[in-house]
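Have it open while you read, as the points refer to individual residues.

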Amino acid sequence: MKSNRRNSLSARFTKLLVPALAASLTLSGSVIAADDDTINIGFISPRTGPLASFGKTDGFILEQARKALVDGMTIQGKHYKVNILDRDSQSDPARAGQLAKELINQGVDLMLAVSTPEVINPVADAGEAAGVPTLSTVMPWEAWYYGRGAKPGQPSPFKWTYHFGFGTGEFYKTYMSQWALLDTNKKVGVMYPNDADGSAIRGALVPRFTKAGYTVIDPGAYETGTTDFSSQIATFKAENVEIINTFPIPPDFAAFWRQAAQQGLNRQVKIIQVAKTGLFPADIEVLGSLGPKIASAAYWHKSFPYTSTLTGQNGTQLANLWEQESGEQWTQQLGATLSLLDAATEALKRAKSPTSHTDIRDAIAALNVTTIGGKVDFTSGPVPNVSPGPIIGAQWVKGAGKHKLDYVITENVTDTNVPVTHKLLPYNR
């Protein structure tokens, strides 16, 4: 079936494109090269729209990857060109799924997706339906696994799709470690959205917070795009919460925290622990004086003691190069996206044939490698098709050097190889 599709594509492109034009467009990553000596990798991420902070550095990382792959790859004694076709989901799940289908119809050998369920899940669903190996990272693995129909205790329904990175177990360990660093009344106000992330987090974390001795104040799921958080703020004030945990997109958090400040909630909160937003400098800088001392959790930091298998760069080198070329502060997405390309190319190296969907899928399933983001191991669970990853306690503080804010590490329970550099500071002091 794969061979027939390639032959059909080859005939179509031979008729449509003169060789010189085809070569030019292939270098730009805009048109697929349909031959058995080229590995075609689809790549979908949110470069624009509400989730654009996640995709902002992806063009730079893809440039690094293309430089590393400019001479192609030699696999099982055969040389291949490598063509990465990157697409912008515009933060739209429907568009992400449509782009995946278009790339699949063009004959990609391997599909990659990065950053948030809004991008990853529709791409993974398209890959699963079409029998195309699909690899992803940067969303809670439970929202990827159970959010797409898997059931606890039952065999995995997925044959072609794989995901690596943090899960609720890592969030729980990190939050317990992080929150124990300050003396609080152990009252936690949770504000989770009505989406795949929010549902997975609420179901997995709230019972464990309660079991650990925290009193959880949950005003219920809110809709993404909400502009009035008065009822949640009033509830948190009345219950005297000293910790807030939330998983909003950046515009929602900015609206919530500004309103919280207007109504005095910020003065009673010792730990404002955010995820999905507060990951990038711009998300925090836009809050002005409300930004410093917001607590976060990092799926990558430039201090991670690992090296890219694809480019050979370590975290500091990657961050410094980004800052040199862009003039902007490094972000954790740099290492996360590069780790996806590390894992993908390592799987291709291990495949019997890197243009066979089945062989690539089997190589991913057996993958056990250390990327710039840490270990990726699909051989040991916690469930099939998933490799867990670290989430490290962090905090935004006033910059000590050239940046307005610094992103510092405050705990490391999920990867003790990562160095802790700072003490967690209470938000309201």
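The points below go from the ground rules to the domains, then to one strand and one loop.

1. Ground rules first. This is a predicted model, so to speak: local features need pLDDT of at least 70, side-chain atom pairs count only at pLDDT 80 or more, and totals for chains, interfaces and linings use all residues. Residues are numbered from 1 along each chain as its sequence is written, and side-chain values use heavy atoms, with hydrogens and water left out.

2. Annotation. An unreviewed UniProt entry puts the feature "domain: Leucine-binding protein" at residues 38-379; such positions are given in the numbering used here, feature names are shortened, and annotations may be inferred rather than shown by experiment. Over residues 38-379 the chain is 42% helix and 19% strand, where helices (H or I, at least four residues) and strands (E, at least two) are DSSP runs numbered from the N terminus. The end C-alpha atoms of that stretch are 28 Å apart.

3. Two domains. The chain splits into domain 1 (38-166 + 303-388) and domain 2 (170-298 + 399-409), with bounds from an automatic or database domain assignment. Taken over C-alpha atoms, their centres are separated by 28 Å.

4. Where they meet. Domain 1 puts 20 residues in contact with 22 residues of domain 2 (contact: heavy atoms within 4.5 Å). About 1800 Å² is buried between the two, with carbon and sulfur atoms giving 66% of it; this is the accessible area (1.4 Å probe) that two parts lose on being put together, summed over both.

5. Salt bridges. How many salt bridges are there between domain 1 and domain 2? The count is two, taking a side-chain nitrogen of Lys or Arg within 4 Å of a carboxyl oxygen of Asp or Glu. Elsewhere on my list, the side chains of Lys-276 and Glu-118 form a salt bridge at 3.2 Å, N to O.

6. Strand β1. Eight of the eight residues of β1 (residues 38-45) are buried, so the strand is largely enclosed by the rest of the structure (buried: under 20% relative accessible area; exposed: over 50%; partly exposed in between; 1.4 Å probe, protein chains only). Both faces are covered, with Gly-42 among the buried residues on one side and Phe-43 among those on the other.

7. Its neighbours. β1 runs parallel to β3 (residues 78-88), joined by eight bridges, and parallel to β4 (residues 110-114), joined by four; strands pair if DSSP finds at least two bridges between them. Thr-38 has Lys-81 as its bridge partner in β3, while Ile-41 stands opposite Leu-110 in β4.

8. A loop residue. Pro-155 sits in the loop between α7 (141-145) and β6 (161-165), and counts as exposed because its relative accessibility is 71%.
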